[in-house]
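Q: I am new to this structure and would like to learn how to read it. Could you take me through a pair of helices and then the ligand site?

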Amino acid sequence: MERAMYFLDQKDMPTHWYNVLPDLPEPLPPLRHPGTKEPLPREGPLPPPIFTDAVNKQEFSTERYIEIPEEVQEAYRTYRPTVLHRAYRLEKALDTPAKIFYKYEGTSQAGSHKPNTALAQAYYAKKEGVKRLITETGAGQWGSALAMACAFFSLECKVFMVRVSYHQKPGRRILMETWGSKIVPSPSSDTEVGRRLLAENPEHPGSLGIAISEAIQAAFGDDEAKYSIGSVVNHVLLHQTIIGEETRKQMEMADAYPDIIVGCVGGGSNFAGQFLPWIRDKLSGKKPDLRIICVEPKACPTLTKGPYTWDFGDEAGLAPIVLMYTLGHTFVPPGVHAGGLRYHGMSPIICHLYKLGLIEAQAVHQVATFEAGVKFARTEGIITAPEPCHDLRVAIDEALKCKESGEAKTILIAHSGHGHFDLAAYDEYLSGKLVDYEYPEEKVKEALAHLPQVPEG
Ligand SMILES: *Cc1c(COP(=O)(O)O)cnc(C)c1O
């Protein structure tokens with residue numbers, strides 16, 4: 001019998017997250033203060049003081065394995081471990097000798113990997129006596145994960161949702177409201193940043209960078225609240241390593257080991273959550289030729305086109321300044337359907353590993369990603385979110401290369417979620433209306449003119 005699904009028993013679910021920081025060949029560059037622009041202490045905390053103490057400690061931790069609190073494990077067990085699939089039907093359709101596996105995070109209640117960190121952050125907030133969490137969301141995937149997590153841990157939740165998505169994607173808003181959260185379109189009149197932008201343009205469509213600024217500002221002015229972020233920072237990547245830790249056990253069950261791991265990167269959390277537990281083997285020399293491929297949209301090509309430089313994480317310059325690949329914190333990317341990949345910057349850990357040459361990056365066009373998504377739907381059945389359709393494109397291309405060369409490589413796809421709220425995008429593709437966006441070179445140039453000037457040292 002050919003086994004197509006690898007289940008891990010709940011009693012075998014990993015009990016620790018993996019922290020890559022102590023294993024990095026060179027330490028991460030320090031963050032810089034958004035106001036003074038001076039380097040911040042390597043042991044933290046993150047400015048401004050809006051995060052819980054627990055995640056502040058994790059952000060800078062040198063502990064290699066961090067225990068997952070029992071209450072978080074219990075919450076994970078409502079949807080974890082997730083299944084590792086062998087994509088036999090896709091392999092057959094491609095007529096490739098490659099073995100294709102995918103670890104599927106779309107079976108969480110929110111439909112993506114994001115509850116893995118949302119539940120941890122909500123748990124710590126509750127434990128520290130916080131009354132509400134404030135956050136931002138683009139297309140609504142992160143907001144819905146945090147809304148559910150706050151419901152689990154009896155916290156209030158306020159979400160600044162990018163205005164254009166608020167109007168175009170009511171489905172996600174309704175999910176969040178059903179879980180009990182309060183949603184406001186951003187820019188909003190609730191914050192100074194929002195009021196400034198609305199005064200300039202009452203129809204402002206918003207951006208993720210702006211929504212982050214509003215959430216930070218709102219949390220800063222509210223003693224009972226903490227801020228929560230869904231990607232980019234170290235502690236979020238840490239919480240996501242439950243994905244890769246599970247996958248390692250499941251690949252062992254399958255008697256397989258990946259030659260190539262591929263995943264999409266917006267802020268980098270789902271893919272890092274999969275590949276960090278494997279990069280250990282590359283760093284230790286156990287699997288030196290392991291290829292790790294980050295995939296991003298051609299319309300927002302942070303790693304493949306952005307310079308490696310100091311920039312703010314948010315539009316208004318309230319978040320720390322980090323050394324990263326960036327298109328500029330004021331850059332508003334074209335409206336590709338992969339809303340989760342429309343962020344100007346990238347996780348410092350991913351940028352660091354990319355700079356060190358340990359991981360690769362590729363940018364792909366939108367139409368080609370949906371072509372891959374439809375192929376996957378017609379073979380494996382799953383309707384994939386627009387973000388991981390980017391992984392599917394590159395995985396299929398690599399499998400087709402194997403067909404030419406006759407090599408039976410093992411490809412592992414980090415499949416981050418389903419696309420049940422993105423059917424309009426599939427509709428556009430199927431009716432031939434979906435378009436590609438060229439790299440917006442002029443807009444990036446303009447945004448890069450607004451990078452912060454950082455003193456030497
Ligand atoms: C948010 C999201 C992403 C992008 O965020 P990362 O932090 O890069 O993982 C990718 N896929 C899905 C399904 C998402 O919801």
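The dialogue below takes up a helix pair and then the surroundings of the ligand.

A: Please keep in mind throughout that this is a predicted model.

Q: At what angle do helix 8 and helix 9 pack?

A: Helix 8, residues 192-200, and helix 9, residues 208-220, pack at an angle of about 140°, and their axes are 8 Å apart. Angles over 145 degrees count as roughly antiparallel and 65 to 115 as roughly perpendicular, so helix 8 is oblique to helix 9.

Q: Which residues of the two helices meet?

A: On the side of helix 8 these are Glu-192, Val-193, Gly-194 and Leu-197, and they meet Ile-210, Ser-213, Glu-214 and Gln-217 of helix 9. Sorted by class, this contact has three nonpolar, three polar and two charged residues.

Q: How many residues surround the ligand, and which are the closest?

A: The ligand is surrounded by 17 residues, of which the closest are Lys-114, Ser-231, Gly-266, Ser-269 and Ser-416. By class, this shell has three nonpolar, twelve polar and two charged residues, and helix 12 (269-283) and helix 16 (386-405) each supply at least two residues of it.

Technical notes: Residues numbered from 1 in each chain as written. Predicted model: local features only at pLDDT ≥ 70, side-chain atom pairs only at ≥ 80, totals over all residues. Heavy atoms only, no water. Axes fitted to C-alpha atoms, helices over the stretch in contact; angles between N-to-C directions. Helix = DSSP H or I, 4+ residues; strand = E, 2+ residues; numbered from the N terminus. Parallel < 35°, antiparallel > 145°, perpendicular 65-115°, else oblique. Contact = heavy atoms within 4.5 Å. Nonpolar A, V, L, I, M, F, W, Y, C, P; charged D, E, K, R; others polar. Near = heavy atom within 4 Å.
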